[in-house]
Structure formats: C-alpha cells, structure tokens
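Dear colleague,

Please find below the structure I promised to pass on to you. My notes on what was found in it follow directly after.

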Amino acid sequence: MSWFGPQAAHIARHPGVFVLGTLKAFRANQGLLLAGAVAYYALLSIVPLLILTVIALSHVIDQQMLLQTLGRYLEWLVPGQSRAIVAELANFLAHRDVMGWLLLATMLFFSSLAFTVLENAMSVIFHHRVAIRRRRFLVSAIMPYLYILCLGLGLLLVTLVAGSLQAIGQEELAFLGRSWSLHGLSGLLLYLLGFAGEVIALTSVYFVMPVGRLSLSHALIGGLTAAVLWELSRHVLVWYFATLSQISTVYGSLTTAIAVLLSLELAAALLLLGAQVISEYERLGAVHRGLPAEPFTTGAA
C-alpha cells in the first residue's frame, strides 16, 4: 500500500483529529492497563533472556565486549539502570557452570513470557484482525523462541559493528599538517546504529505480532512513531532520575527494580501506542474503501 494514500492525505489535513482519535482508541482499549501487564512480564523476562543470549554468543564473541555492547544499548531500554543489570548478568555468568537443565528450561520459559503477553495485548488493539483470522496455537508457541533467536543474531551483528565503530573512534584524520579525532564521528555513528536498530526492532514487532498480514510500510510507520516518542521519553527519564526522582529514598533496596519497571511500563505504553497508530491508520483505509470500521472497546471503556 502506498505511503501517500488517502489515509496519509486525510492525516495531513487533520493531524489533530487523527492524534485525538488514536489516543481515545488507546484509552478505550485499556492501553495503560495492557502496558502494565507487558511491563511486568518483560521485567520477569529480561534477565533470563539476556543470560541465554550472552551464554550463546560468548562462544563466538569476547564476553567483555558483549557485555559492554549490552550495557550501551540497555540504556535505550532502561535509562540509568543498565549498569546494575549488566553487573547481575556478569555475576551469573561467572557461576554459569552450576546451571543445570532445570534452570535452563526455567529461563527459556520466563524469557518467552513477555512475547506471549505482548501478542495478547496486540490482539486487543488489532481486534479487527483477530476477528477475521486467528493465529494457530503452535505458531504462537514457537514464535517467541524464533524471535529470541533473531534478537540474538541482531545482537551479534550490532556487537561486531559497534566494535568496529569504537576502533574508528580511536583513530585520527590528518590533513595539511592538522589532525582531527574521529571520536565524535564514532559516537554519532554508534547513536545512529542504536536508533536504526530500535526502529528495525519495533517495526519487526509490528510486522510479526499482529494476526494476519501487515504491510511493511504500516509496520514502519508504527516503528518510527514509537521510536521517536521513546527517544524523547528516555531523555526525560534520564533527567528525571538524575534530578527530581526520590525513589531511592522511598523504595530503598528496591530502587533498581522499581526504576526498571517504570521504564519498561513507559516503553510498553509507547509500543502499544505505536500499534494503535497502525490500527487507526488501517481503520482510515477501511473507511476510504467504504468498509465498516467499528472501533473496539472494552466493557470498562
């Protein structure tokens, strides 16, 4: 479907109407409640998922380099809290020889929980797709593990590229008797790599999770929307935790868990909001084709 179809023209003419309609639909679908469920299970899933990924990749990449890359990009997901997560991860890896098959199976189970809950949340937002075509149980059961495998391969690629960019940052460019450090260029490229990876990851979620075939252009619209909103939000979170936050005073030893949960809930809310943008975009397309497009609401709406 074209990027500049009748939906895009309608949104260009009435952007405020589209934004307000999206927010109303998100509220009617209990978006914040769904985001809370996704964030809770993501909190349970994130450490087992990272452990499994690092154990697998440490056979082909230096473990220290892998942990540094994880720490850098975890800052995108849990601003200000990545150091604590990486420290716990390194501590577990130092004693991974005691890990048995039961613990491995438990981690596999918990690492997939967030994907299962996210799929259920997506089914609420894309209710019109679920009503038309339901996904088979076996596909839903296997999909989280295939996605974990893809994330692992993505992390492998990002680690290799990030290592090359860091090496570039240590070089200097000499010209006409003057030299310039490439550290700034390396930092910019690392940031762009992280942002591009964020957009690709979000787009893949929107492309795979909803039932039925979703066009790549629609998935990319949602991915860009969620990525831009998250970039703005995570800088606000960093500033908030550094200046105004008093959670360490209130929660004490639970500070890290609460801060991570807060970051994950905000990220989940923006992830589902991006899905709602796609859903409303599809609804506009149905309206322009003359098809009925009744909004889905829960009983509490």
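A residue is called buried when its relative accessible area is under 20%, exposed when it is over 50%, and partly exposed in between. Please bear in mind that this is a predicted model.

**Salt bridges**

The structure contains two salt bridges. In general terms, side chains of opposite charge can pair when their charged atoms come close.

One of the two joins the side chains of E231 and R234, with a distance of 2.7 Å from N to O. Both residues belong to helix α10, which covers residues 216-243. They are three residues apart there, or about one turn of the helix. As to accessibility, R234 has a relative accessible area of 10% and is therefore buried, since the limit is 20%. E231 also counts as buried, because its relative accessibility is 6%.

The salt bridge between E280 and R283 has its closest N and O atoms 3.1 Å apart. These residues lie in helix α12 (residues 255-288), and because they are three residues apart, about one helical turn separates them. Is E280 buried or exposed? At 8% relative accessibility, E280 counts as buried. R283, by contrast, has a relative accessible area of 29% and is therefore partly exposed.

**Helix α5**

Helix α5 runs over residues 82-94 and has 13 residues.

Which residues of α5 are buried? They are S82, I85, V86, L89 and L93. Because these residues cover an arc of only 95° around the axis, they sit on the same side of α5. The face turned away from that buried side carries the exposed residues R83, E88 and A94.

**Packing of α3 and α4**

Finally, I draw your attention to helix α3 (residues 31-57) and helix α4 (residues 63-77). Their axes come within 12 Å and cross at roughly 150°. Angles over 145 degrees count as roughly antiparallel, and α3 and α4 are therefore roughly antiparallel to each other. The crossing in which α3 passes α4 is right-handed.

With kind regards

Methods
Residues are numbered from 1 along each chain as its sequence is written. This is a predicted model: local features need pLDDT of at least 70, side-chain atom pairs count only at pLDDT 80 or more; totals for chains, interfaces and linings use all residues. Side-chain values use heavy atoms; hydrogens and water are left out. A salt bridge is a side-chain nitrogen of Lys or Arg within 4 Å of a carboxyl oxygen of Asp or Glu. Helices (H or I, at least four residues) and strands (E, at least two) are DSSP runs, numbered from the N terminus. Buried means under 20% relative accessible area, exposed over 50%, partly exposed in between (1.4 Å probe, protein chains only). The expected span of a helix is 1.5 Å times one less than its number of residues. The arc is that of the directions from the helix axis to the C-beta atoms. Axes are lines fitted to C-alpha atoms, for helices over the stretch in contact, and angles run from 0 to 180 degrees between N-to-C directions. Angles under 35 degrees count as roughly parallel, over 145 as roughly antiparallel, 65 to 115 as roughly perpendicular and the rest as oblique. A crossing is left-handed if the near helix is turned anticlockwise from the far one by less than a right angle, and right-handed if clockwise.
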